2 protein chains.
Amino acid sequence: MGTTASKATKGVRSETLRRSNLAAIFAMLRTAPSVTRSELVEATGLTRSAVGSLIGELVEYGLATETGAQHDGHRGRPSAMAEIDGTGLAALSFEIGVDGVAAAVVNLRGEVLDDARASRTRGPVAAEPKVDDLVTLANLLGYANGMVGDRRIVGIGVAVAGTVTSDGQRVVMAPNLQWSDVPLADLVSARFGAGVAVTIGNDADVGALAEHRFGAGGGANNMIFVGGEIGVGGGIIVEGHRVHGRSGFAGEFGHMPVNPSGDVCGCGSIGCWETEVGERALLRRAGFDVDSGDAAVQRLLLAAQHGDAAVLDALAEHGGWMAIGLACLINVFDPEIVVMGGMFNDLWRYVEDVVTSDLARTSFGGQERPGVVVAGRLGNSARLIGAAELAFQPLLNDPVSA
Amino acid sequence: MGTTASKATKGVRSETLRRSNLAAIFAMLRTAPSVTRSELVEATGLTRSAVGSLIGELVEYGLATETGAQHDGHRGRPSAMAEIDGTGLAALSFEIGVDGVAAAVVNLRGEVLDDARASRTRGPVAAEPKVDDLVTLANLLGYANGMVGDRRIVGIGVAVAGTVTSDGQRVVMAPNLQWSDVPLADLVSARFGAGVAVTIGNDADVGALAEHRFGAGGGANNMIFVGGEIGVGGGIIVEGHRVHGRSGFAGEFGHMPVNPSGDVCGCGSIGCWETEVGERALLRRAGFDVDSGDAAVQRLLLAAQHGDAAVLDALAEHGGWMAIGLACLINVFDPEIVVMGGMFNDLWRYVEDVVTSDLARTSFGGQERPGVVVAGRLGNSARLIGAAELAFQPLLNDPVSA
């Protein structure tokens, strides 16, 4: 219910309003290179003096800097330029995939400052040894006592290939890791100390978040992100906000039934999209061992790059199946943009033509909008950047208290 | 961006806040039988005196009544009961389908006061003669000069089996009516006078709205509505709000590709869900003429009621295909509830078992939530009630100015 302050409750409410305004200005600064006070006045509807006082507060907390007066275009008085600072802060983010683990130190602009990765022979690994790997990677990056170098780590975010509870604390199910109901945030917390909050997110969801805020999504109001490796999942942005669903499981695009005479899926259903467009299906079509993992996908892409006809045929067939699920998503959501992440991002150049021509026939408005599906811009950093966003979220909600 | 009032702009903003609070209280009154002041204080976070003053304003404009003090449970002072009035108001709503037209006078509680329907032999009919039919039905219901009896008509809403521009003024495409880019709001306005605003909505979208506010949706945060006749469409509610998509076309569930070896669809694609679960598919499975329309569906349902084995087999097969698209929607949205509308509502009792057992296998969390798919509660009034909601919307946004 859209209730707001009344005169009588003003004493309590004005502090809430102030924080919400502060968060709004902080969010604007984060995604723009630099912004004038006049632009902030226009965008927020607040007065010049209110904006000035809020920026002052961000500067005081080391979250923004003001870099001197500039003329806005040709008229009016000079306006100070504000930009994000945050040089004293960073998030530590991790990714737990089927093929390996990764870690990054990410700044407030969603930029990876340092990262480290380790590929491991595929196969289920219990949660504790995976967390050991995370600790090792964090040490490699110089993490110690809540700091990386001069930067205070404001929080830890973890992207995991599984469904996650909506409080971001537990992994409900990660079929390809063979995890079920794992208290992952607690396991990580126990190794990094209670002073640093840990938040978990589904890998496709956080990939969507990152591409939406810093990548190909460009802040679109309605964006679909499709990420794929061995499993296929996605993230949904509607009116600028992520769609969680009832239990945080929205976006299980890999389990859209697309082929009633298809293969049995790991989930127990038949002909799920994942069985047609996941990594195993691609490897099978190209005549590779279906369980040879990401390393085989990289060999396959190299063969495609060298014009291997059989591999290019396999990719074209794969693209046809990709188009079927994409048509479904476009007809269901009518999105402004669909961003391909994970393995699909790597395949995109080889499947773009077949996908685009199929969608012209099978999606509503497809012919008028051939460019609705695009490759991601953050490559394999998307999930790490998105996981860092989870870590930054308390700070974003309430910049001066977190 | 979530900006709100600052101290310096308070003069301008307090009127906006007041209207928003008024709208919130009005919305609460509309969907509850009656509410005490204490309940409104608790739900809105406003003070008792602020609530009292807002209710006073609604009473003054004939939108609410207060019916004397009641004790709230066992303690505290007596609290006045407020309820919606609006006996002087109604919306006029219309439905334009492939099989016919319908009209209703609907009150502020989403109740149909009077309605009228006409079935016509199926076939494309140009927009102007359809609008003639609407005028005839409105006259039947006693509409004259912006009034029906003692009630002022606050607006006209029209549900149409097609895609509609997001301003609710034009039909973009209605394949089964063979309409393309029809300025329907203007055509209706021209016949009802400029004093009454006309808003158009897609029939499945307004059906969703009605079931969400007054029917089986029960105000769920995340609800999917699936409506079907000859075409199949739907409406999406996420976090309490309807999902429009980029151009207002979200919810084209009928065009999810579910069968790569299926029939060519009217949209040009192959194996769309509509080709498997639309009216024609049902009639074909039961051995009826596929173009014999809703009257044949009613005969089919009667045969099922009498235990006709061939018809029951056809319904079971139909239910299997319904489950495939429903699994897709559940895995994509993770909704709290999926409401079956239109023809699916009528079929539900015959397909519920097969749909539920298939979904237990094919949808995430299906086994834990056998009751996620339910029949609608508003039957074939859903679209008329939803269209009336479009007509009421300006009043709901700003109760004392509209």
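View 1. Val238(B) stands opposite His241(B) in strand S16(B). Two bridges join strand S15 (residues 232-238) of chain B to S16(B), and the two run antiparallel. They belong to an open sheet with mixed pairing and the order S16-S15-S14-S17-S18; strands pair if DSSP finds at least two bridges between them. S16 (241-242) and S18 (373-375) of chain B sit at the edges with a single partner strand each, so one side of each is left without a neighbour in the sheet. Helices (H or I, at least four residues) and strands (E, at least two) are DSSP runs, numbered from the N terminus.

This is a predicted model, where local features need pLDDT of at least 70 and side-chain atom pairs count only at pLDDT 80 or more, while totals for chains, interfaces and linings use all residues. Residues are numbered from 1 along each chain as its sequence is written, and chains are lettered from A and ligands numbered from 1 in the order in which they are written.

**View 2. Strand S13 of chain B, covered on both faces.** Five of the five residues in S13 (residues 198-202) of chain B are buried, meaning 20 or more other C-beta atoms, placed from the backbone, lie within 10 Å of a residue's own. Val198(B), Ile200(B) and Asn202(B) take one side, with Thr199(B) and Gly201(B) on the other. In a regular strand, side chains alternate between the two faces of the sheet. Strand S9 (residues 151-160) of chain B runs parallel to S13(B), joined by five bridges, and Ile156(B) stands opposite Val198(B).

**View 3. Two helices crossing in chain A.** Helix H6 (residues 203-214) and helix H12 (residues 382-397) of chain A pack at about 90 degrees, with their axes 7 Å apart. That makes H6(A) roughly perpendicular to H12(A), a label for angles of 65 to 115 degrees. Axes are lines fitted to C-alpha atoms, for helices over the stretch in contact, and angles run from 0 to 180 degrees between N-to-C directions. Among the residues that meet are Val206(A), Leu209(A) and Phe214(A) from H6(A), and Ile385(A) and Leu390(A) from H12(A); contact means C-beta atoms, placed from the backbone, within 7 Å.

View 4. The domain assignment, automatic or from a database, gives domain 2 (89-206 + 382-397) and domain 3 (218-377) of chain A. Domain 2 of chain A brings 16 residues to the contact and domain 3 of chain A brings 19.

Conventions: Parallel < 35°, antiparallel > 145°, perpendicular 65-115°, else oblique. Contact = placed C-beta atoms within 7 Å. Buried ≥ 20, exposed ≤ 12 C-beta atoms within 10 Å, placed from the backbone.
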